[in-house]
Amino acid sequence: MTQSPAVRTPGLSGPVRIGERAARALVSELARRNDPKAGLLVGATPDSAVLAAAVDALLPGDRLTVVPAEGSSAAALREHVTAQGRWVADRVRVADTLAEADAAEVVIAAEPFTGTADEARVAVDGLSKYLTDGAVLSLAAPVFRTEGAGAELDRQGVLHGVRTDLVLRNSPPVRVHHLRFTPAGAALAAKLAPAYRPSSVPLTRSMHIDSNGVAAAGISLGLAALARVARPKSKLWLLPALAAAPVAAFFRDPERDVPEDPSAVVAAADGQVLSVQRLHDERFGDAEWLRVAVFLSVLDVHVNRAPVAGKVVDYFVADGGFVNAMKPDAEHNVAAYTVLETEHGTVVVAQRTGLIARRIVQRAPVGALLAKGERFGLIRFGSRTDVYLPATAAEPLVGPGDKVVGGATVIARWV
């Protein structure tokens with residue numbers, strides 16, 4: 001019998017449990033595809049949170065093959081699937097062994113990798129054989145291990161990763177890797193919904209805080225605690241303590257309703273339109289570009305979103321200064337350029353630093369597919385975001401002074 005890829009590591013304090021949040025991260029590539037697809041879930045048990053999340057992600061035209069975990073039986077899984085009702089039973093097939101499974105667009109390891117690096121490498125190689133062209137393999141490993149399976153998956157992520165999700169709210173915390181071993185076409189991006197991001201901490205149904213904000217607020221509170229201990233009679237500790245909330249608020253990450261119109265190009269960030277102009281930029285070829293520049297004040301949401309659906313084909317950082325982002329000289333500030341291949345041509349998003357903004361975060365590696373409106377990075381503390389569109393293919397719908405909302409406001413339309 002072909003076993004599941006999960007191997008327990010002697011000495012690990014207690015089993016590694018995949019909770020609901022980590023399960024959603026593992027099946028996110030299955031959930032975000034809106035076209036009929038085949039999924040393969042390996043190492044499942046009837047009470048697996050990953051199995052429940054995978055079933056919830058199924059659409060009418062989908063097929064899911066489930067392989068039982070070591071120590072679990074296919075009969076128990078079939079009984080569990082049947083009990084879910086006819087709709088689920090018609091779409092989920094339980095295979096006795098992995099050898100009986102067919103290739104799929106999304107392959108998921110339901111159990112975390114906790115063995116040695118060699119065991120993880122063998123398991124990844126075995127699962128990769130069941131991937132169709134452009135398919136994604138999703139798997140997890142504990143975070144707080146610097147060797148073994150976790151280190152091997154980190155290495156695989158550098159070579160083949162299209163996204164990594166850190167799930168701190170799991171017991172213990174895990175890192176979920178999404179790997180793609182063969183290229184996927186840019187056209188597939190148009191069939192995707194924005195990826196689920198467990199790194200954002202939910203406050204309400206419509207508002208989250210990015211993990212950077214949680215870390216920054218934690219540092220502020222830590223400094224307050226140290227100041228309180230070091231100088232108990234001083235009120236100095238109040239400064240970092242009171243700063244924690246506004247610092248966290250700077251990293252707020254609200255949910256957005258992304259327009260479904262395939263001809264719509266949405267804003268890459270919240271803010272005020274500085275300029276809409278046609279220009280040439282030899283770094284991106286000889287063609288003319290339509291550029292929409294948006295200034296983000298320190299009060300705006302600083303999460304950046306993909307203006308269109310596309311495939312990341314290049315990413316580079318241009319050196320420069322740190323001039324106020326509202327001034328013309330900001331053209332020469334430090335900037336990160338994400339180049340997307342789309343069905344309408346090349347699109348570029350520039351994340352520019354400002355007078356205060358000195359830190360750019362970009363989370364979409366080359367080869368990743370981004371849905372329209374999907375989060376892909378952020379800039380800290382005031383900045384500017386530019387969207388470059390092929391001038392012959394896009395018509396602007398905003399002008400200088402207009403306020404835009406990232407992922408929601410239509411700034412241009414394909415013609």
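Student: Which residue in strand 21 does arginine 352 stand opposite?
Tutor: Strand 17 and strand 21 (residues 383–390) run antiparallel and are joined by five bridges, where strands pair if DSSP finds at least two bridges between them. Strands here are DSSP runs of E with at least two residues, and helices are runs of H or I with at least four, numbered from the N terminus. The residue in strand 21 that stands opposite arginine 352 is arginine 384.

Student: What pLDDT do local features need in this predicted model?
Tutor: Residues are numbered from 1 along each chain as its sequence is written, and side-chain values use heavy atoms, with hydrogens and water left out. This is a predicted model, in which totals for chains, interfaces and linings use all residues, side-chain atom pairs count only at pLDDT 80 or more, and local features need pLDDT of at least 70.

Student: Which residue in strand 17 stands opposite leucine 340?
Tutor: Strand 16 (residues 335–342) and strand 17 run antiparallel, with eight bridges between them, and a hairpin of two residues leads from strand 16 to strand 17. In strand 17, the residue opposite leucine 340 is valine 347.

Student: Why is strand 17 largely enclosed by the rest of the structure?
Tutor: Buried means under 20% relative accessible area, exposed over 50%, and partly exposed in between, with a 1.4 Å probe and protein chains only. Strand 17 covers residues 345–352, and it is largely enclosed because, of its eight residues, the number buried is six.

Student: How wide is the arc that the buried residues of helix 4 cover around the axis?
Tutor: Helix 4 spans residues 74–83, and its buried residues are Ala74, Leu77 and Val81. They lie on the same side of helix 4 because the arc they cover around the axis is only 60 degrees, taken from the directions from the helix axis to the C-beta atoms. In general, an α-helix has 3.6 residues a turn, so residues three or four places apart point the same way. The arc asked for is therefore 60 degrees.

Student: Which residue just after helix 4 takes a positive phi?
Tutor: The buried residues of helix 4 are covered by elements including strand 1 (38–44), helix 3 and strand 2 (63–68), where contact means heavy atoms within 4.5 Å. The face turned away from the buried side carries the exposed residues Ala75, Glu79, Thr82 and Ala83. Just after helix 4, a positive phi of about 110 degrees is taken by glycine 85.

Student: How far apart in space are valine 16 and serine 171, C-alpha to C-alpha?
Tutor: Valine 16 is found in the segment before helix 1, and it is buried, with a relative accessible area of 5%. Although valine 16 and serine 171 are 155 residues apart in sequence, their C-alpha to C-alpha separation in space is 6.8 Å.

Student: Which helix gives the largest share of the lining of the largest pocket?
Tutor: On a 1 Å grid over the protein atoms alone, a pocket is an open set of points with protein on both sides within 12 Å along at least five of seven lines, a cavity is a set where a 1.4 Å probe fits but cannot get out, and lining residues have an atom within 4 Å of a point. The largest pocket holds about 1200 Å³ of space, the volume being that filled by probe spheres set on grid points joined across faces, edges and corners. Its lining has 48 residues, and Arg32, Leu192, Ala193, Pro194 and Ala195 lie nearest its centre. The largest share, five residues, comes from helix 3.

Student: How many charged residues are in the lining of the second largest pocket?
Tutor: The second largest pocket has a volume of about 630 Å³, and of its 29 lining residues, Thr164, Asp165, Leu166, Ser199 and Arg363 lie nearest the centre. Strand 6 gives the largest share of this lining, seven residues. Ala, Val, Leu, Ile, Met, Phe, Trp, Tyr, Cys and Pro count as nonpolar, Asp, Glu, Lys and Arg as charged, and the others, Gly among them, as polar. By class, the lining has 11 nonpolar and eight polar residues, while the charged residues number 10.

Student: What is the volume of the largest cavity?
Tutor: The count comes to five cavities of 30 Å³ or more. The lining of the largest cavity has six nonpolar, no polar and seven charged residues, and strand 6 and strand 19 (369–370) each supply at least two of its residues. The volume of the largest cavity is about 80 Å³.
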